[in-house]
Amino acid sequence: MNFNFEGLFAFTKSIFIKMGCPEEDAQTATEVLLSADLRGVDSHGVARLSGYVRLWEAGRINTKPNIKIVHESPSTAVVDGDGGLGLVVAPYAMNVAIEKAKNAGTGWVSVKNSNHYGIAGYHAMQALKNDMIGMSMTNASPLVSPTFSKERLLGTNPIAVAIPANKQPAFVADMATTTAANGKLEILQRKEEEAPSGWIQDKEGNPTTNPYGVKEGGALLPLGGDREHGSHKGYALGSIVDIFSAVLSGANYGPWVPPFVAFLQPDPNPVGEGIGHFFGAMRVDAFRPADEFKDHMDNWIGRFREAQTTPGNKKVLIPGDPERELEKERIKNGIPLLKPVENDLKELAKKFEVEFDL
């Protein structure tokens, strides 16, 4: 069943307000969260709303944080999120990076003491309106085993890069550094479908297609799946995200990153504060005239669109194409929600005495 975007937006915002978020923060958090549903990243949209509520109920989210810069140079900063919603902390930090870039040409911000920040792509894309290249990454709950290990030491640790063009739509790459994000497993569980091979391993380190494999003590696999298919590269990418996001800022890293699920407690001996993020903004005209660059991006994108295709494929896609097309379709026709997600939202409506009539 499809749900009206405006109705979902109003409902979600009302839940954040009921949690104690100020009006402006509730608006920001809702924009970030719903952007995932619009762009087809259903695992990170309203399906996560009840998870944020449970973290707040467990005392692990501060809905009125004092977000602030605790260390900076002309082009860099460390932001302390004060335990706030990552959906609110991240836009603040990305704006700091953009303002730094306006003055210094580039801006780099590492964040500590935050929580899950939604989809990485949303934050990277905030740079586009300023003729800047945006970067966004975050560490996450340890559900991923390094190549050759059966221990869970890393998160899905996504990376997003947004690059402006002129007449062509922007290039937007947004990806986990694992073969699949954990949210994809949650969707398979709701659909009662098996996982593709190469996504996960069981608790003994053996390949499995059981979508509950991670819940049963197994682990997600780095991008590539196994050594023969380049999992060591996915492992390296996830490690870079962890270091930039947390070792650099003073957040928890590796196996010490606090879990998103409220029923699991954070490590009693943390090595930092909360979850970490990392943001970058680069002013295009710090390298060459912006219009000249964007014209060449148009040329780059156009040439790749014209690439000869393999049998059975109609066209070559540019990163960001599928999400942009889905966004247009969902704004027009509504956002599809799986029945378990719809039921979760109805339970939230009952809990907070908010109308769910979409």
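Two strands count as paired here if DSSP finds at least two bridges between them. Helices (H or I, at least four residues) and strands (E, at least two) are DSSP runs, numbered from the N terminus. This is a predicted model, where local features need pLDDT of at least 70 and side-chain atom pairs count only at pLDDT 80 or more, while totals for chains, interfaces and linings use all residues. Residues are numbered from 1 along each chain as its sequence is written, and side-chain values use heavy atoms, with hydrogens and water left out.

**The sheet**

Let's start with β5 and β6, which pair in the antiparallel sense over four bridges. Across that pairing, G134 sits opposite A162 in β6. On to β7: β6 and β7 also run antiparallel, joined by five bridges, and V161 faces A173 in β7. Strand β6 (residues 159-163) is mostly covered, with four of its five residues buried. Buried means under 20% relative accessible area, exposed means over 50%, and partly exposed is anything in between (1.4 Å probe, protein chains only).

Zooming out, these strands belong to an open, mixed sheet of seven, in the order β2-β3-β4-β11-β5-β6-β7. β2 (68-72) and β7 (171-175) are the edge strands; each has a single partner, so one side of each is left without a neighbour in the sheet. From one strand to the next, the twist averages 15 degrees. Angles like this run from 0 to 180 degrees between N-to-C directions, with axes taken as lines fitted to C-alpha atoms (for helices, over the stretch in contact).

There is parallel pairing too: β3 (residues 76-80) and β4 (residues 106-114) share five bridges in that sense, and V79 stands opposite V111 in β4. Helix α4 (residues 86-104) lies across β2, β3, β4, β5 (132-138) and β11 (275-283), at about 30 degrees to β11. Contact here means heavy atoms within 4.5 Å.

**Salt bridges**

What does the salt bridge count come to? It comes to 17, taking a salt bridge as a side-chain nitrogen of Lys or Arg within 4 Å of a carboxyl oxygen of Asp or Glu.

| Pair | N to O distance |
|---|---|
| R324 and D321 | 2.6 Å |
| E342 and K346 | 3.0 Å |
| E347 and K350 | 3.8 Å |

R324 and D321 both lie in α9 (residues 321-333), three residues apart, or about one turn of the helix. D321 is buried, at 3% relative accessibility. R305 joins in as well, linked with D321 and R324 in a network of salt bridges.

Over in α10 (residues 339-352), E342 and K346 are four residues apart, about one turn of the helix. E342 is buried at 6% relative accessibility, whereas K346 is partly exposed at 36%. E347 and K350, also in α10, are three residues apart. E347 counts as partly exposed, with a relative accessible area of 47%, and K350 as exposed, at 60%.

**A nonpolar patch**

I240, I243, F244, V247 and L248 make a nonpolar surface patch of about 440 Å². Patches are made of residues with over 30% relative accessible area and no salt bridge; like charges are joined within 9 Å, nonpolar side chains (Val, Leu, Ile, Met, Phe, Trp, Tyr) within 5 Å. The areas come from the Shrake-Rupley method with a 1.4 Å probe, and for residues only the protein chains shown count as cover. V247 is found in helix α7 (residues 231-247) and is partly exposed, at 47% relative accessibility.
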